[in-house]
Amino acid sequence: MNTWNHTSKPDFILLGLTDSKEIQLVLSVLFLLIYMVTVLGNLGMILIICVDSQLHTPMYFFLIHLSFLDLSYSTAITPKTLENLMTLNKSISFIGCFTQLYIFILLAATECFLLCSMAYDRYIAICKPLHYPIIMSSRCCLVLLTGSYMIGTVDSSVTVFSTITLHFCKSSVIHHFYCDTSPLLSLSCSDTNDVEIIIFIFAGSTILGSLITISVSYVSILSTILKINSTSGKQKAFSTCASHLLGVTVFYSSLIFTYLKPSKSYSLGKDQVASVFYTIVIPMLNPLIYSLRNKEVKGAVVRLVKKRQGSRKLR
């Protein structure tokens with residue numbers, strides 16, 4: 001029998017994505033490359049925004065923190081996944097597992113409301129441009145950012161402390177590549193109905209609450225854009241929020257697919273693919289989305305390169 005005693009708090013075993021050595025090798029190389037691009041892309045985005053004074057606006061203030069969140073929760077998941085793929089060590093301590101879960105939920109929930117804040121910023125910029133400097137003040141930006149982190153902390157704390165009180169005695173094997181709620185709940189020999197309801201309420205409130213706010217913002221933005229007479233005016237207005245809209249669509253589609261359903265409907269293959277997408281791939285995509293489709297960021301990169309070339313010539 002593959003059972004264990006919860007009182008001793010032994011290690012969990014992360015089963016990972018596959019048992020095939022060949023596929024593990026391919027995935028380890030792929031994930032390592034993706035993680036390197038994620039680190040370089042997000043650090044590069046933070047550096048460019050900090051260095052270029054023309055990007056010191058509310059939208060890019062939020063974008064710095066979006067890059068920080070993407071980099072952080074990718075780092076909370078990917079290095080351990082790479083260790084599992086490249087070595088025989090697939091264990092993770094009881095405390096390490098719940099720490100990983102806590103950090104991940106905190107950062108993911110915070111990102112939901114940070115995207116919400118960015119949508120509000122775009123709403124004010126397009127629908128109330130004359131009031132933009134007054135409404136989107138430094139104080140307002142700090143309040144929105146602090147609120148995002150506070151909601152993320154509450155969401156994460158409730159979820160983790162509800163889950164950690166369960167008795168885990170069925171098995172120590174987690175059928176996933178990181179510690180997540182559904183695989184952990186399946187290991188519990190306690191009644192998980194109350195915990196599942198709590199997690200569903202908080203996850204649902206976080207995801208749907210922020211998504212509804214973003215949707216309302218974009219309905220108002222779309223309504224304002226359609227009232228603009230000139231085609232060039234419409235294109236310019238839409239281009240200011242196209243990158244954010246694309247980022248939101250990619251992030252929420254995978255998040256809703258994974259979390260807004262009962263844990264009993266957990267599907268090993270489908271859920272793992274979705275999890276790989278939003279924990280490893282999306283943090284890499286966001287810097288690309290916000291830079292390749294953004295003329296201001298491209299311009300900042302050009303100015304930074306010219307500045308460096310000019311300083312070399314002076315030497």
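Colleague: What should I know before I start?

Modeller: It's a predicted model, where local features need pLDDT of at least 70, side-chain atom pairs count only at pLDDT 80 or more, and totals for chains, interfaces and linings use all residues. Residues are numbered from 1 along each chain as its sequence is written, and side-chain values use heavy atoms, with hydrogens and water left out.

Colleague: How do helices α2 and α5 pack, at what angle and how far apart are their axes?

Modeller: Two packed helices are described by the angle between their axes and the distance between the axes. Helices here are DSSP runs (H or I, at least four residues), numbered from the N terminus. Axes are lines fitted to C-alpha atoms over the stretch in contact, with angles from 0 to 180 degrees between N-to-C directions. Helix α2 (residues 58-86) meets helix α5 (residues 138-164) at about 25°, axes 10 Å apart. So α2 and α5 are roughly parallel (angles under 35 degrees).

Colleague: Which residues of α2 and α5 make the contact?

Modeller: Contact means heavy atoms within 4.5 Å. Among them are F61, F62 and F68 of α2, and L142, L145 and Y149 of α5.

Colleague: Is F31 buried or exposed?

Modeller: Buried means under 20% relative accessible area, exposed over 50%, partly exposed in between (1.4 Å probe, protein chains only). F31 sits in helix α1 (residues 21-51) and is buried, at 3%. Leaving aside residues up to four places away in sequence, F31 touches residues including T78, L82 and V276. The C-alpha atoms of F31 and T78 are 7.4 Å apart, though 47 residues separate the two along the chain.

Key
Helices (H or I, at least four residues) and strands (E, at least two) are DSSP runs, numbered from the N terminus. Angles under 35 degrees count as roughly parallel, over 145 as roughly antiparallel, 65 to 115 as roughly perpendicular and the rest as oblique.
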